[in-house]
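Please examine the sequence and the model below before reading on. The paragraphs that follow begin with a single side chain and then turn to the chain as a whole.

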Amino acid sequence: MRGEPSCPRCAGRVRAPGLFSDTWQCDRHGAVHPMQPVLPPSVEALGVAVARSQVPVWLPWPLPVGWLFTGIAHVGDDVSGARATAVACSGPAPLGGFGELVLVAEELGVGLGARYAGLAGPDPGESVALYKPADAKLMAAGRPTPMFHVPDAPADRAVFVGEARGLWLWAVAWPEQSALVMYDELVLTDLREAGAELDLLPCGALSPRLLG
């Protein structure tokens, strides 16, 4: 059964626009864009999300050796289109064991990245000093993209944030040591531009991180 939309910041229930409001409403966070139910990873589900997104759908491409696409979530409705996307992938961690990475692209104030980062949100705020040298760099759609470590994240994960195409780009890795993948010349592709390459994407089981 398909679930109901929820708040991207707290996963709480939201009320659809109606007689007294023309926006989706969360009792805790007020007006929000609705987060749609997470679907099991498949090329078909990814294609649908990519087609309706107004923001990048970031994925390391090619994926690191042994890694799989493990789900996508998006925030927005049929009127606005996706205003935030979260793509999960997982595989062998650089230091052994199992690693997971969630990449979030979002407009200012949506709050999805902060939720996965374990922050109050909705944006990085003063926890990130963008005027300092970058802690890591990656390539996003062919452009060098500085990424800054978020020091206030919970100890079980590593969080980096930067800006790509005028939007927030979050990278959240579990466990914390898996963040080493951020220093391995990570190349991100906006899947809206991937075309037929999507058909080659290896899919795994749904990541529980997207449901958190």
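Does V48 count as buried or exposed, and at what relative accessibility? The model in which this is asked is a predicted one. V48 is found in helix α1, and it counts as exposed because its relative accessibility is 55%, where exposed requires over 50%.

Other positions in the helix are covered. Helix α1 spans residues 43–52, and its buried residues are A45, L46, A49, V50 and R52. An α-helix has 3.6 residues a turn, so residues three or four places apart point the same way. Part of the cover over the buried residues of α1 is supplied by β5, residues 68–75.

The helix belongs to a chain with two helices and twelve strands. Read from the N terminus, the order of elements is β-β-β-α-β-β-β-β-α-β-β-β-β-β. Among contacts between residues at least 6 apart in sequence, 61% join residues at least 24 apart.

The overall dimensions come next. Along the principal axes, the C-alpha atoms fill a box of roughly 55 × 40 × 30 Å. The radius of gyration is 16 Å, which agrees with the value near 17 Å that a compact globule of 212 residues would have. Of these 212 residues, 50% count as buried. The accessible surface amounts to about 10,300 Å², and carbon and sulfur atoms account for 56% of that area. As for charge, the chain carries 15 positive and 22 negative side chains, and the centres of the two sets are 5 Å apart.

The cysteines remain to be considered. A disulfide is a covalent bond between the sulfur atoms of two cysteines. How many disulfides does the chain have? The count is zero, given a rule that asks for sulfur atoms within 2.5 Å. For C26, the closest cysteine sulfur is that of C7, and the separation of 3.7 Å is too far for a bond. For C89, the closest cysteine sulfur belongs to C203 and lies 12 Å away, so this pair is also too far for a bond. Both residues are covered by the protein: C26 counts as buried because its relative accessibility is 5%, and C89 counts as buried because its relative accessibility is 2%.

Key:
Residues are numbered from 1 along each chain as its sequence is written. This is a predicted model: local features need pLDDT of at least 70, side-chain atom pairs count only at pLDDT 80 or more; totals for chains, interfaces and linings use all residues. Side-chain values use heavy atoms; hydrogens and water are left out. Buried means under 20% relative accessible area, exposed over 50%, partly exposed in between (1.4 Å probe, protein chains only). Helices (H or I, at least four residues) and strands (E, at least two) are DSSP runs, numbered from the N terminus. The radius of gyration is taken over C-alpha atoms; the globule rule is 2.2 Å times the number of residues to the power 0.38. Contact means heavy atoms within 4.5 Å. Accessible areas come from the Shrake-Rupley method with a 1.4 Å probe; for residues, only the protein chains shown count as cover. Lys and Arg count as positive and Asp and Glu as negative; His and the chain ends are not counted. The place of a charge is taken as NZ of Lys, CZ of Arg, CG of Asp or CD of Glu.
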